[in-house]
Structure formats: structure tokens, C-alpha cells
Amino acid sequence: MPNHHSIHFYHVSAIVNFHCEGDIANRTLHGICRLRRYAERFGIQVQLICVLDSADAVTQRAVLGHPALEDRDIVHHTEFGDPGLARNHAFERAGGEFACNFDGDDFFSENWIVAALERLRSCEG
């Protein structure tokens, strides 16, 4: 079960909102795990924050039992019933220098975080 009290530095907080995705949440979390592993090869530390917002039982089981969740990750249970409020809740609690948002039924290429960070850093001035 994820630990809510670890102190750790993160470059990126990857926020994933779940509602009623059911077993699709498994595919999404496998993809997030790939993103994290790829980012770590570049020295980028990724914090995973899952928000179960008014999530159904199947989605909750899929997320809470998923092997992608590590001790350093955080799971928030909310009842906003509103994707924007759920995202804002997670962003306010994110520990990363940067944060990105994923939906519980999304699947991204493994280099998404690395490419996004490279783009952000190229705009710094």
C-alpha cells in the first residue's frame, strides 16, 4: 500500500484521475509504470498520485491492487464528482517540481514525461 508520509524529491508528479474506468485502469497504470521507468533512466524522479474520485468498486480494486503502485506513491479518495476539482486537489498536494495530468483511461508513449520535461526546460530563460 502506498505510503502517504514519505519525504522525497520528485522532478515530476504524475497525477492520474480515476472515476469509473474499471479494468481499463490496469492498462493505464502499466503505461504510467513504463513512463516512470523510462524517465528514471534519464535521472528523472516521478511521483505517482492516483485520485479515485467517486470511483466505482471495480476501478478502486484495479488501482489499489496494481503492482505499479510503490510505497512512495499516493492515492487520494475523493467524492468531488468533478474532474477539475479532483485534479486541483491532487495538484495542490503534488510534490514534484513539475506536474502532469493523465486520465484513468489514457495510454501514453514511454517517453512522454522525458520529452515534456525537455520541452519545458528548453523554454526556460
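Cys50 sits opposite Val75 in strand β3, and that pairing is a handy way into this fold. What you're looking at is a predicted model, where local features need pLDDT of at least 70 and side-chain atom pairs count only at pLDDT 80 or more, while totals for chains, interfaces and linings use all residues. Residues are numbered from 1 along each chain as its sequence is written, and side-chain values use heavy atoms, leaving out hydrogens and water.

**The sheet**

- Four strands make up an open sheet, in the order β3-β2-β1-β4, with parallel pairing.
- At the edges are β3 (74–78) and β4, each of which pairs on one side only.
- On average, neighbouring strands of this sheet are turned by 20° against each other, direction ignored.
- Strands here are DSSP runs of E with at least two residues, helices are runs of H or I with at least four, and both are numbered from the N terminus.
- Two strands count as paired if DSSP finds at least two bridges between them.
- Between β2 and β3 there are 5 bridges, in the parallel sense.

- How many residues of strand β1 (residues 10–18) are buried? The count is 9 of the 9, so β1 is largely enclosed by the rest of the structure.
- "Buried" means under 20% relative accessible area, "exposed" means over 50%, and "partly exposed" is in between (1.4 Å probe, protein chains only).
- With strand β4 (residues 96–103), β1 pairs in the parallel sense over 7 bridges, and Tyr10 faces Gly96 there.
- Strand β2 (residues 46–53) also runs parallel to β1, joined by 7 bridges; Ser13 has Gln47 as its bridge partner in β2.

**Helix α1**

- From β1 the chain passes through helix α1 (residues 24–40) to β2, a right-handed β-α-β crossover.
- Right-handed means that, with the strands pointing away from the viewer, the path from the first strand over the helix to the second runs clockwise.

**Cysteines**

- How many disulfides does the structure hold? There are 0, a disulfide being a pair of cysteine sulfur atoms within 2.5 Å.
- Cys50 is in no disulfide, and the nearest cysteine sulfur, that of Cys33, is 11 Å away.
- Cys50 is also buried, at a relative accessible area of 0%.
- Cys123 has its closest cysteine sulfur in Cys100, 16 Å from its own, too far for a bond.
- Is Cys123 buried or exposed? Cys123 counts as exposed, with 53% relative accessibility.

Notes. Axes fitted to C-alpha atoms, helices over the stretch in contact; angles between N-to-C directions.
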